[in-house]
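Colleague: I am new to this one. Could you take me through it, feature by feature?

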Amino acid sequence: MADPVYEKLIPALNARSTAYPAVKCDEFFDLVSFLFTPEEAGIFAAMPLGLATVEEIAENLPKGDPKKLAGQLETMADKGLIHIRERDGKKVYEALPFVPGITEFQLMRGIVDDRHRKIASLLRDYSRAMIKALMSATPPSLEGHAPGKKVVVDKEVEHKTTIVPLDELKELIMKTDYISVGTCICRHQGALLGKPSTKPVNNCMVLGESAQFATERGFTTRMTKEEAIKRLEEADEAGLIHTFANSPDLFTNLLCNCYKDLCMFIRGVARSPFPNMSVNARWVIKINADDCTACEACIPRCQMDALKMEDGKLVRDEIRCIGCGVCMWACPTDALSLEPRPASKIPLKA
Ligand code: SF4
Ligand code: SF4
């Protein structure tokens, strides 16, 4: 029987994000009691939404000693449970959401040992239980609570994962001061559970202030802009979709390179009847029929099955295309390009 304090983590996590919600079940308690000590769970649940000083967090705890608490918060940051920044020369602390946040930090160091095999299996078991609970006839409420605030989660606002084609990504990288890279958590989890991927694994990037935190705590390694662009080109060549989870409300700018064999997120998008609505898809593929030789090299590159031949001609499925641009790499005649998606004009398909 898990300590009752772990139950307080459910609203505290959901108040931060429900991209991967906290749902009450045995598998949730197995996971969080492995990651948090009971004392750490109590501290996490006492943290206000957003950035807070150690004194502000201590006010929410019955025996809040700021000096002792500062040490505990450092340990929690090393464990990837919270984030620490500096504001006006003073440390401020922020509890992390499950995703993007705690989950990534558990596996992006790429460590292979019994502890990380255990984490991989706990995450797998919880993911299955959470999906089962959400799909049930009586799905749980996902309201979140943190001291001083009650959050009613708006799923439309919540979903901010953006598909970014390579050329646009290169521009973003050139404008970013701090870039770091870690191990893809999905493919690493697969390897830890005996299902390794054939795709490259060292391409899960964190950008900006969060990258500095992740590097200083040993989750990621800093890289230059040129190294980052080369890594992204390799990912593109391997057919990986570039996804960017960034939100001013969340701690991180996480740039993933996804493949549906082991990535729960992109697999879910591919299984949707409306992939372009499951993500922030801002582009759609454009086929220049005059240049297309109907060689079909682009078709197997598409993880969304958005390209097919009809009467000897390549056609796109506008609803399935998420504008990742991964198909373009294969085209020998440059017949493919991306055009901005006129979102409001897309017809629904039953
Ligand atoms: S058609 Fe091309 S751009 Fe569209 S989803 Fe498929 S690979 Fe990505
Ligand atoms: S790879 Fe290029 S030429 Fe070949 S079918 Fe696709 S768009 Fe046409």
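**Reading the features**

Modeller: Gladly! Let's begin with ligand 1, whose shell is made up of ten nonpolar, two polar and two charged residues. Please keep in mind that this is a predicted model.

Colleague: Which residues are the closest to ligand 1?

Modeller: Cys302, Ala306, Cys321, Cys324 and Cys327 are the closest, out of 14 residues that surround ligand 1.

Colleague: And which residues come nearest to ligand 2?

Modeller: There, Cys292, Cys295, Cys298, Cys331 and Ala335 come nearest, again from 14 residues around the ligand. By class, the shell of ligand 2 has eleven nonpolar residues, two polar ones and one charged one.

Colleague: Next, helix packing. How should I read the angle between helix H2 and helix H7?

Modeller: The general idea is that an angle over 145 degrees counts as roughly antiparallel, while 65 to 115 counts as roughly perpendicular. Here, H2 (residues 26-35) and H7 (residues 114-135) have axes that come within 8 Å and cross at roughly 150°. The two helices are therefore roughly antiparallel to each other. The crossing of H2 past H7 is left-handed.

Colleague: Which residues of H2 and H7 meet?

Modeller: From H2 come Glu27, Phe28, Asp30, Leu31 and Phe34, and they meet Lys118, Ile119, Leu122, Leu123, Asp125, Tyr126 and Ala129 of H7. Sorted by class, this contact holds eight nonpolar and four charged residues, with no polar ones.

Colleague: What about helix H3 and helix H5, at what angle do they pack?

Modeller: H3 (residues 38-46) and H5 (residues 66-78) pack at about 100°, and their axes are 11 Å apart. With that angle, H3 is roughly perpendicular to H5. Glu39, Glu40 and Ile43 on the H3 side meet Leu69, Gln72 and Met76 on the H5 side. This contact has three nonpolar residues, one polar residue and two charged residues.

Colleague: Is the peptide bond from Val99 to Pro100 cis or trans?

Modeller: That bond is cis, with omega near -5°. Pro100 belongs to helix H6 (residues 98-107).

Colleague: And is the phi of Glu296 positive or negative?

Modeller: Positive, at about 75°, although Glu296 is not a glycine. You will find Glu296 in the loop between strand S11 (283-287) and strand S12 (307-310).

Notes:
Residues are numbered from 1 along each chain as its sequence is written. Chains are lettered from A and ligands numbered from 1 in the order in which they are written. This is a predicted model: local features need pLDDT of at least 70, side-chain atom pairs count only at pLDDT 80 or more; totals for chains, interfaces and linings use all residues. A residue is near a molecule or strand if its C-beta atom, placed from the backbone, lies within 6 Å of it. Ala, Val, Leu, Ile, Met, Phe, Trp, Tyr, Cys and Pro count as nonpolar, Asp, Glu, Lys and Arg as charged, and the others, Gly among them, as polar. Axes are lines fitted to C-alpha atoms, for helices over the stretch in contact, and angles run from 0 to 180 degrees between N-to-C directions. Helices (H or I, at least four residues) and strands (E, at least two) are DSSP runs, numbered from the N terminus. Angles under 35 degrees count as roughly parallel, over 145 as roughly antiparallel, 65 to 115 as roughly perpendicular and the rest as oblique. A crossing is left-handed if the near helix is turned anticlockwise from the far one by less than a right angle, and right-handed if clockwise. Two residues are in contact if their C-beta atoms, placed from the backbone, lie within 7 Å.
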